[in-house]
Structures are given as C-alpha cells and as structure tokens.
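Student: Could you take me through this structure by asking what stands behind each term?
Tutor: Gladly; let us look at the structure and begin with a definition.
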Protein chains: 4
Amino acid sequence: MINIGIIGMGRIGRVHMESICTSVPEAKVVAIADPYLTSETETLALEKYKVLNAYKDYKKILSDDSIDAVVICSSTDTHSAISIEALKAGKHVMCEKPIDTDYKRIIKVVEAVKENSHLKFQVGFNRRFDHNFMALKEQSKNLGAIHIIKITSRDPAPPPIEYIKVSGGLFNDMMIHDLDMVRFLSSSEVEEVHVYGGALVDKRIGEAGDIDTAIVSMKLSSGAFAVIDNSRQAVYGYDQRAEVFCANGMVCSENDAPSTVKVVTSSGVNSEKPLHFFLDRYMQAYAKELKCFVEAIINDTPTICNETDGLKPFLIAKACAKSLLESRPVTIAEIEEELSR
Amino acid sequence: MINIGIIGMGRIGRVHMESICTSVPEAKVVAIADPYLTSETETLALEKYKVLNAYKDYKKILSDDSIDAVVICSSTDTHSAISIEALKAGKHVMCEKPIDTDYKRIIKVVEAVKENSHLKFQVGFNRRFDHNFMALKEQSKNLGAIHIIKITSRDPAPPPIEYIKVSGGLFNDMMIHDLDMVRFLSSSEVEEVHVYGGALVDKRIGEAGDIDTAIVSMKLSSGAFAVIDNSRQAVYGYDQRAEVFCANGMVCSENDAPSTVKVVTSSGVNSEKPLHFFLDRYMQAYAKELKCFVEAIINDTPTICNETDGLKPFLIAKACAKSLLESRPVTIAEIEEELSR
Amino acid sequence: MINIGIIGMGRIGRVHMESICTSVPEAKVVAIADPYLTSETETLALEKYKVLNAYKDYKKILSDDSIDAVVICSSTDTHSAISIEALKAGKHVMCEKPIDTDYKRIIKVVEAVKENSHLKFQVGFNRRFDHNFMALKEQSKNLGAIHIIKITSRDPAPPPIEYIKVSGGLFNDMMIHDLDMVRFLSSSEVEEVHVYGGALVDKRIGEAGDIDTAIVSMKLSSGAFAVIDNSRQAVYGYDQRAEVFCANGMVCSENDAPSTVKVVTSSGVNSEKPLHFFLDRYMQAYAKELKCFVEAIINDTPTICNETDGLKPFLIAKACAKSLLESRPVTIAEIEEELSR
Amino acid sequence: MINIGIIGMGRIGRVHMESICTSVPEAKVVAIADPYLTSETETLALEKYKVLNAYKDYKKILSDDSIDAVVICSSTDTHSAISIEALKAGKHVMCEKPIDTDYKRIIKVVEAVKENSHLKFQVGFNRRFDHNFMALKEQSKNLGAIHIIKITSRDPAPPPIEYIKVSGGLFNDMMIHDLDMVRFLSSSEVEEVHVYGGALVDKRIGEAGDIDTAIVSMKLSSGAFAVIDNSRQAVYGYDQRAEVFCANGMVCSENDAPSTVKVVTSSGVNSEKPLHFFLDRYMQAYAKELKCFVEAIINDTPTICNETDGLKPFLIAKACAKSLLESRPVTIAEIEEELSR
C-alpha cells in the first residue's frame, strides 16, 4: 500500500484525491496540504475520504516518513521547487504540468530526478492515459512507419480574458498537451515547427498579445510530419481527436459523447455533441494516470510520462512562439541552444 | 445523509456498496449483512469503505434505528420476505429483481408497499438508469405517438448449463430486463405476446427444457407494437440496443465500446466491439440507480421503478412461457386471471 | 448482344429502359410496347435511347424473331398471361413482381417455366441486387448458422387512400419485398408466421380494411427466426435496413444517404437523412438486376430470382393476412394446402 | 439542346462522353476528335452513344458551326492553345485541368476568356461537383466565419515512377485539386503557404526530385487558416475528406464506401474501406460538372469553376514548391511578382 500526500488542493488536487480513493486500491491518501485549504475541502478529505491529516504547510507532508509519494498540484510557480524538495526528502513525485515556466528551473528538476534515480517522477500529461489515445497509440504500432500525425484540439470556450493575460499564451497553456501528444503518438522527437495563428475567436485575445486559433506543422526526427490545429472555442464542445497515418494503414479516434442515441427526424439524423467539460472527457484518464504512477512505484518500472516528457513540450512551445513572432520555421535545436547560453 | 444497510454481499451487493460509497454523496453504507460473509468482503467494507458494522444476520440491520434504507441483494427466494420485514421495520427498500418467483408472494410485497406508502420501494431494473436508454426515452417524448419498439438484447455467452437448469428460463432470467424496458420506453402496458424460440446456441439448453434464442412480439395497450430479440450468445460481446419508432421520427441507441478508435487498413475499417461484460456496460447505471433511490427518499418523490414495475414483467414472462409452450399468442389478462384464481 | 423488348412503359418500364441503355453494354433495347404509350416516352426511346420500334401492341414484340428477351412491366393483372405467351414465343422473361395475385395463375407460370427450361425467367425483386443487401448476404456466409434475421422496411409516406384500397394490402403491396428478403438472406424457407398489425399512421387505412404498421415474426425451416417491421410512414425517409445474426457474428446494413457530411453545432451532430425516394435508393439495384438477367442468358446460368422466388412470398403474404385476421400463427403449409384444393 | 464536341478521347474524354450521353439530357455529343483515336473508342462513340462524327483532327470540330461547345481533354500541353482557338471559333469551352503548366500561356487564356465574355469557360476541377464537398460548402455557409479548413487527400497508390518524373511534381499533379478545394470551400484567396514534405512512401520518388507526403499550411485573405495533408499511398483506398471549422460550428465529410454493411465478430466491428478508384468516387461529380457547364451555357450564368479558378491553384502550387525548396513560408504575391516580370 502506497501512502500519498497531495500538495495543493485546488480543483485538480481534489480530482486526484477522489481518483486515488475510488480507483487506486493500492494507494491511500494519508495527508493533504494547502495554504488556503477551505473547510469544505478539509471536511471532504477527512470525512468522506478518511484522509488522516490536512495541513496548511506542505513541508509537514515531506517530513512525514510514512508517506511514500507526493502529488504536486500547487500553483505552477512552486512546482519545480517542491518537486526538488520532495525528491530530496525521498518521496516519489507526480507533478502537475508544467514542471515550470523557466528553462533553468526545469533543468534543475531534471537533474534532481537523475540524482534520485531510485525515485519515480511523473509529469501530469493526463491525455496519455485517455482510453482513446492509448488505443490509438497501441493500434498504430501494427501499421508500420508513421508518416503523418494529425491532432485536433479545441476548447469549448476561451477562459476569461484576465486569465488569458497571465496564461503564458496558447502554446503553453493549451497546446502543450498536444505537443506532448505528438511525441507520445510518434515515439519520436519534434525537430522543427512552423506556426500560423491569429485571434479569430475574440479580438481581445489578440489585443492581449495572444492568439486563439493556430495551425502548427512539424517535422519529426523520424522523418514523419505532424500538424496540430487548436481553437479556443468550438461551440459544440470539447473537441479532442487524433489521426495517425502510417505506411500500412491509418488509425483515428473520435470524441466521446454522453450517449450513443440517434434521433432521426425529417430534419436529419441527430446524435449527441462531444462531452463539453474536460473533466468529463478525461476523468477516467486522471484515475488511470494515478494508477500508473502507483504501479510504477510498486513494480519499480519507468513512469509513462517522465521529466524529459515534461521538458520537451516546453521547448517546442517556445519554438512555436518564436515561429509565430518571426513568421518562419524554427528548430528545437535553436531554442535549446538559445536557452542554454 | 441517508444511512443504508446492504443485505446480501454477493457480487451485486459489493457493486452497490461501491456505487454508494463513490457516487452517492448523500448516502452512507453503515452496515452490511450476509450469512456467508467472506473476510475479504468484510475487510473491503470496513477498511476501504469505512462501513461501521458487518453482520451475518440481516435482522441486526432491520433493528438498527439509525438505518434509513436497505438494499436487498440476498438470494432471490428471500427477496419478498425481507422486503416485507424491512418495510414493517420502517426502512425504505431497494430490492434487487425479481421481487419473487411466486405470484402470491409478489402480491404480498405490493400490498406491504401500499400499506407503508410513506416508505420508498424500488426494484432493481438497472437498465432504466443506463445513459443510453434514459436518453432514448427522453428523446422519444418529442416524437409523437410510439408505433414500434424494438429491443435487441444478447449476452456474450450462455451461463453454465447447471445454472440454466435452475435459472427459471430465458424469459425470467434474461428477457425480464427487456420486458421491463418495453414498459419503460413505451409508458404503456403489454397486453399480449407471441413467442418464437429455440435452442440454437447449445443443444443442451434445449435438453434442459429451455431456449437460448427468442423473438417475442407484443401488442401494447397504447396500440403500439414491440419486438424483442434475445440470444444467449453474441460472440462479439454484450449487445444491448433499442429503437423507438414514432409518428414524427425514430430514436435508436447503439452499444458502448471501450474506445472510439478506428483502424483503417487494406482489410477494411475496424472499430471496437461492444463492451463484453454487463458490469462494464451498466456500472454507471448501477450508480445512477442508487442515486435515484436516495434522491426519491430525500425529496419524497416516487421511485423510477416501483413494485408494479417489479410485478408486471413477471406476468409478461409467464405469458411468454405459455405462448412458447402452446404456440399461440397469450394475453397478460389470461395469465393474471389464472394466477389470481 | 442480347436484344430486348420492354412491355409496359410506365415508370418502371422507363427505369429499365434507361438501365439497360446506360449500364448493360451486353444488351440493347430494340423495341418497346405500351397500349397507352405517351409521345414523350416514344421520343425518349427513339431519340435518346435509339430504340428501333415503339408499338402499342406487345404481340409485335413477341413475334419479332430478332428479340431474345422481354422485360414485362405491364399492369399486374397481365403479368402471368404475357409471361406464358412470351415463353411460348421463345423469349427469355424478366417479369416485374408480383407474377400474379392469383395462385392458380402463378402456378401456370411456374409450369410454363419448367416446360421451357432452356429459357431464363427472372422475377423483379430488385432489392436482391442492392449493394447493401448483396454485401450483407455475402458477408453472412462466413459467420456460421443464421439464428435471427431482422428486417426494417418503412416507406416515407403512405400512398393515396384510393391506391391503398386496390393495392392488395400491406403484405402484398409492401411487405412482399421483405418476405423475399428473408428468403434471400436466409437461403431457407419460411414455415410459419405470426402477425401483429394495425392502422397507426392513418385511420382511413384501417377503415379501408388494411393496416399500415406491422410486426411479422417467422419460423424458418433452417430453425432460424426472422422478424420484419413495416410502416407506411417514416417521416425521415425510406428506411431499409437488415441484420443477420449468426453463430459466429452479426452483419447489419444501414441506409444510404445523399452525402457523408456531418454538421456539428451547439445543437448536436447532424447528418443526412436516408434517401427519400425508392428510385434513388434502388437505382443501381435496378441496373444490376437487368445486368444479372442478361448475364444469366449469355452464360446460361440460373437467374438470381426465379419463378419459385416469385411464388413463395405470395404464399407467405397470404399466411400473414390470415394470421392477422385470425390472431394466430399460420403455417405456409396450411396456405398451400388451402390454395391447392 | 447544346451540341458538344469532345477533343481528346483518352480515359477522361470517354468519361465525359458517357456522362453527357447518360446524364445531361440538355446536351448531345455530336463529334469527337483524337489524333490517335482507337477503333474501340470510335465504335463506342458511333454505335453506343450515336455520336455523328469521329475525327482525327480537332479543327474539324472547331469549324463545325452546329457545335456550341467543346470539352478539351487532350494532352496538357495543348490545353491553352486549343482553348484560345476554340474561343475564337465561338465555342464555349470546358477545359480539363490544368489550363497549362506555363504562366504566360495561362494568362493568354485568361485574356481570351475576357475578350469573349459572351462565351462560357469552365476548368475541370471535378471535386467541386462532388456530392460530399458540395454539401460541405453549402452547410458551412450557415456557420459564420470560417476559422480553419482541413483537407485530407491521399491516393491509394503512387503512379509509376516514370510518370512521377514527368508529372510536374506532387503540388501540380495531385495537390492542385486540394488547393482549388481550399479556395472553393473558403470563398477566399490563399495569401501564403508553408510546406513540410518528403518521400516517405517510395525513396525513388525522392530520388526523382519529388515528394510523396506533404503538409501544407496556409494563411487566407479572410484571416482563416487551412491545412492540406497529402500522401501518394493510403493502402486502404482513396482518402478524400474535408473539415470546415467555423465560428458557430463545424462541418466535415467522410469518404464514400461500396456499402453500409458492418460485420461484427469477435475481432471487432468491420466496415468497408473507402472507394479505391477515383472514377468510382467522382463519377457522379464528373456528370454533375458537365451538367453545370451545360446549364451555365443555357441559362447564361457564370460557370462554377472559371479561368481564375484555373490560374490560382497554379500560383499556389508554385509557392508550395518554393516553400519546400527554401524551407520558408512563401506568399502568392511573391510568386505572381516573379512570374509577371
């Protein structure tokens, strides 16, 4: 039985608590920590989920020897520091994405993971654990060399403009998942990107210096090509599809819907829209993510999404931003060279 | 907060315990009872789900004043007696189907429910709570008079021949859910049935006096018609579909599959089979069923599946058996008259 | 090159002329005949399709030695007499369904075909040549014994009430195609039928002594079961689907639609209705039907739909009518015995 | 009745002859011309389709005053010259794509069309007339501003390497249709393109200086973005899909298949591959194309695909080739400026 402490009890922290308690029988949430812990969350944890301790200070979790692993869901700017502290305290770490928004701090986490190679480190790219994308990857393995990967990823509605302003931009805030998905599905590295993008959904997003619509095409080291299309607003719901085109065939995944029902009338055949809310679409994936993390600890196997998987999309997103700014293709090598100067 | 006791801790009892604990925040399982309670189940209940008491004798649940409601999952022959006892003890009752295999004992339950009209009674026709069938019913309401209802219901594989022998036959053991579904979808009563059936899957089923394949057509009191096709063996999985054809259109539901992935190769377009296991298909429905039961108690509203809904499919199944035996259409009135003699 | 004469130039006669001229390169329409030939049809035939002769009297076709085969599309009451005459005149015959509405006259055609076994005789059950139903039959061959056949067949709208009155009733006028389809898909004979039916679409149809909605279940000589559901009015179009459930799997066919386009908006996913008009759905089938007839002549192979295939659905339709009238299952043997008295 | 002469009787010339004769009742093919006319084609034309004259020299068609319009299907290098001659001879022109492979010669055709504004000129981008793409465009009109257009276009197998060498390259030979489709669906102009491409299917294609796989992303003058993915080899058939993502929803089209049949077994749900052969997929579109051309003549309305629609994809293809060569985005303006020097 793996004892887990959760650091940061916002929405995603609560999701992980619930997932572990209901779907990961090999693990137990024994402590939670959040400087702004609400009494509601505390009650939920202590009463419903029988968590033993609820702290304001996460350091109490790190110093508790009965705790094997931590799940870091605190604010983004604390991810890297707490990850390093936790590793030093001998805890396995599951860290929400992104590891950090600063290259040097990410590198420090990568180094800390290397120094503590007996500990597991997993980054929270939850879509890797989605039933559709897992099946997609699995099936594509039987189809020979990958030639083209296509990812469609559209949100049902943009976040508030105030959030946009501090979000780090479309590439970091939204497309980062898709950049990871290209790597996951291709088992290859992105070498170069080219971006077209603009603010077609909401002018204010453009005025805030961001975009809401983008086409990113890519060259992979395997020789394959990939293309992602993003929009901040698909009025019909959360649109999450992918297609892997290979030498010997093609695999594609469609959206999930609330039901399989079709209504056939004189106006046509009407079926249900995709699930609207990302938690509905990816709830099972969040549970699977935690389960895989716990299994990696128990079986001492590599995590499915490690520190490199946390670093690489960060670099690609930087390349995307530069491509958009400078209207030219940008290599990842250029970005790495620039950042490591 | 509704306190619940579960009587009978076989597979379905454990499913209900898990559903309540993970998906019905308004309820708490405070006690379980089973004369053959395994230590594994006891540990699961007491440790994982924090149930307070685990008994061998269900009467301890009935005499516990802190308990508001019971979920009866004991062996079929005890359903009616425990239901009546529980009602007399002032407990709301959720009783697994069937209420009983004997008409007079079902009627006694019906009467006990009437005498305790302040208590809720719900029968466990879980498919009424399935996301697909709920959407089907909901959408059909907008399409005018129902003309034809079609239900396909096929199991992935027949149960062992020993089970078949004591199962009560295809109509009671398997089709009973579909008979309920016709009533649920039509909001009407079955008046007459005609059956064609045989043992096409396994001769030994025929030798045991049962059938494994059947076409049941029906006349409903609304004037509509219905047809059910059953098979004990669909090699491709658990096949659960329905179609409601109305004056102004048609609604149909398809099976659920593990993923939406399509593999397109030179051999065709391959997508996933239906979910194979009934618990996979109906897990959400079991949770919804319990949630609706608890909500009916809290809000003092009628249950979605009451004692009459438990009685009627029993009568229709009897009519089916007689139609098969005598090779003629049989009315429900004939069966009722016969049984109430 | 097979020279063909078409007798009867109503809608279906013109369809056959067009099919032969555009899709059957091995055949040529050299003459047409119709007592009420319109000048429009005559012009179409002579100018567009380069037909050599247009007669009022079909006997001129029968006496023309250059003509190898006739396609009989005249009024139903003349089918059997002209068929026999044509066979005697040494012509291969493609006869529109039904052969006749009278048993004894059908039997005479059956005998005439036997006496002229060097000539081909084909009945116009065009759906056997539909790309979907042909693929359905083809695929079902790989799936072991057939257990259940389900056919859904619904017209977009009922014909005028005046037509209903002289139509011979739902079973003969509409379901006859589905009765043939059961035989075609099963490669077995119908032994017994049971019918539920009523006038749910239009009361006047009921007042005219007919029904517009029916569920017919059947026992086949192979041991399999079949069920057909018919409605005179599916507001969403011409609904023509089938399903063959077998020991080793299931095959089903869906409707054809004008395009594959899906419109996804906040109101759901909308795709196109089935094709509305039977000629749109079955145009290719009509052409294939003629092509197969001509190939049977050229290669001296059996036709896909022979005189027995014309007779049997007639008997089954009679059994259906009797089942509806007498509210009991009726065997085909009973009908045959009755008619041959 | 429009009298038509067809110039060039290769595969596509014969397709057009058949289309006009079977599907365009308002037109008649009165003459064909081909310097290498086979006797088989001549017989087909004169006997089956009742064409009056079959020439070796197309000038006999141009000098025949009874002929209203010509369909130019000769070899690509003769398209522009014959088009201009035909216009001067007072004939309406339907010219197969491309108008030419040389900019200056295309411009001369454009000018000739302007000088003869009483005559219709149509270029053979047949996909504009495909039932799926027409429905796609039609439906997208109701969904507000277009944000993203995605086109997937993959051939079942590459042409022989000898053909590749003289084909003009992927952009001209294959993607040209998709470049037109972007303009057709967007009702906007392409401003800039960026290309990733390579020879992933067959190394010899790369050795011949061409590519077989490409991702082309684009900026449109409307502000929208588009992306095309091409492959010379989709082993599962001819893959022709598109998606238009708009402010108020999304429209997508799927491939056509030979039948709607699904085979459901223990290996999954198997449905048919896309149609393999481009003539199967686009046969109706070819007929519709001719019908629209004839209607434009009769009603004196603009053609759906005019000389500008012939010119623009040529320019975009040039920009694509340059983008691939120079690994940078290239504007259409740059290409135009370069060519018009």
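Tutor: Two strands are said to pair if DSSP finds at least two bridges between them, and strands themselves are DSSP runs of E of at least two residues, as helices are runs of H or I of at least four, numbered from the N terminus. This is a predicted model, in which local features need pLDDT of at least 70 and side-chain atom pairs count only at pLDDT 80 or more, while totals for chains, interfaces and linings use all residues. Residues are numbered from 1 along each chain as its sequence is written, and chains are lettered from A and ligands numbered from 1 in the order in which they are written.

Student: How do you know that strand S1 and strand S4 of chain D pair?
Tutor: Strand S1 (residues 2-7) and strand S4 (residues 69-72) of chain D share four bridges in the parallel sense, and the definition asks for at least two, so they count as paired. One bridge joins D:Ile4 to its partner D:Ala69 in S4(D).

Student: What makes strand S3 and strand S6 of chain D stand at the edges?
Tutor: The open sheet of chain D has six strands in the order S3-S2-S1-S4-S5-S6, with parallel pairing. Strand S3 (53-55) and strand S6 (121-123) of chain D each have a single partner strand, so one side of each is left without a neighbour in the sheet.

Student: What makes a residue part of the contact between chain A and chain D?
Tutor: Two residues are in contact if their C-beta atoms, placed from the backbone, lie within 7 Å, and here the contact takes 27 residues from chain A and 27 residues from chain D. Among the elements of chain A that give two or more residues to this side are strand S7 (146-154) and strand S8 (190-198).

Student: How do you know that chain A has domains, and where do they lie?
Tutor: The bounds come from an automatic or database domain assignment, which divides chain A into domain 1 (2-119) and domain 2 (128-283 + 312-339). Their centres, taken over C-alpha atoms, are 28 Å apart.
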